[in-house]
Amino acid sequence: MRLHVLDHPLIAHKLTVLRDKTTPSPVFRQLVEELVTLLAYEATREVRVEEKEIETPVAQTIGRKMADPRPLVVPILRAGLGMLEGMTRLVPTAEVGFLGMVRDHDTLEITTYANRLPDNLAGRQCFVLDPMLATGGTLVAAIEYLLDLGARDVTAVCLLAAPEGLERVAKDIGHRAEVTIVTAAVDERLDEHAYIVPGLGDAGDRLYGVVD
């Protein structure tokens, strides 16, 4: 497993506003989109490209375009949906799949309740969007789902990560495929409720409000 923690003053600024509990949902959503676009720049550093001959107003030249098959962006519902716009703004030609996963707050077990993905992901570069890498259970389950469909090149884009989650991803997934984690920060730890500390709270609730 490879880990990239982005060190940039704009990222630090936006993350600070996201952490602030007084930041309202509309501002929170906008900042998530902006932050994800910055993270996506690093996450797509090794996206596959191929040469393309073009003609500029001055001369012919050889450029590069994204190679086929196109990258697949997979937000984990529901919180990952708030990251989709920021990712596709940078990679508008990517295809989008969806995984619906929910964590039981008592047992911490992960249940998959929806998916919209191609049947065969062999040869595809996959980018998983999950705001909070806390225990690692949701991300591990999502990556395993993609691996079972043939994916071998998976990058996860997360706003925050906890050491416990990173350790679990490395242990459970690292031997099966090339997995990269791109995040804005690695926080201190998890609390007794499996929330990241200092974190930013429940990303889904702060994006969309509390749904009973």
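Glu164 touches Ala134, Thr135, Arg189 and Leu190, leaving aside residues up to four places away in sequence; here, contact means heavy atoms within 4.5 Å. This is a predicted model, in which local features need pLDDT of at least 70 and side-chain atom pairs count only at pLDDT 80 or more, while totals for chains, interfaces and linings use all residues. Residues are numbered from 1 along each chain as its sequence is written, and side-chain values use heavy atoms, with hydrogens and water left out.

Glu164 is found in helix H5. Helices (H or I, at least four residues) and strands (E, at least two) are DSSP runs, numbered from the N terminus. With a relative accessibility of 33%, Glu164 counts as partly exposed; buried means under 20% relative accessible area, exposed over 50%, and partly exposed in between (1.4 Å probe, protein chains only). Between the C-alpha atoms of Glu164 and Asp153, 11 residues apart along the chain, the separation is 22 Å.

Helix H5 (residues 163-172) also has a partner in helix H4 (residues 137-148): their axes come within 9 Å and cross at roughly 30 degrees. Axes are lines fitted to C-alpha atoms, for helices over the stretch in contact, and angles run from 0 to 180 degrees between N-to-C directions. H4 and H5 are therefore roughly parallel to each other (angles under 35 degrees count as roughly parallel, over 145 as roughly antiparallel, 65 to 115 as roughly perpendicular and the rest as oblique). On the H4 side, the contact is made by Gly137, Leu139 and Val140, and on the H5 side by Arg168, Val169 and Asp172. These residues divide into 3 nonpolar, 1 polar and 2 charged, where Ala, Val, Leu, Ile, Met, Phe, Trp, Tyr, Cys and Pro count as nonpolar, Asp, Glu, Lys and Arg as charged, and the others, Gly among them, as polar.

Helix H2 (residues 25-43) and helix H3 (residues 81-90) have axes 7 Å apart and pack at an angle of about 45 degrees, which makes H2 oblique to H3. Residues of H2 including Val32, Val36 and Tyr41 meet residues of H3, among them Met83, Met87 and Leu90. The contact of H2 with H3 has 7 nonpolar, 3 polar and 3 charged residues.

What of the cysteines? The whole structure holds 0 disulfides, a disulfide being a pair of cysteine sulfur atoms within 2.5 Å. For Cys126, the nearest cysteine sulfur is that of Cys158, 15 Å away. Cys126 is buried at 1% relative accessibility, and Cys158 is buried at 0%.
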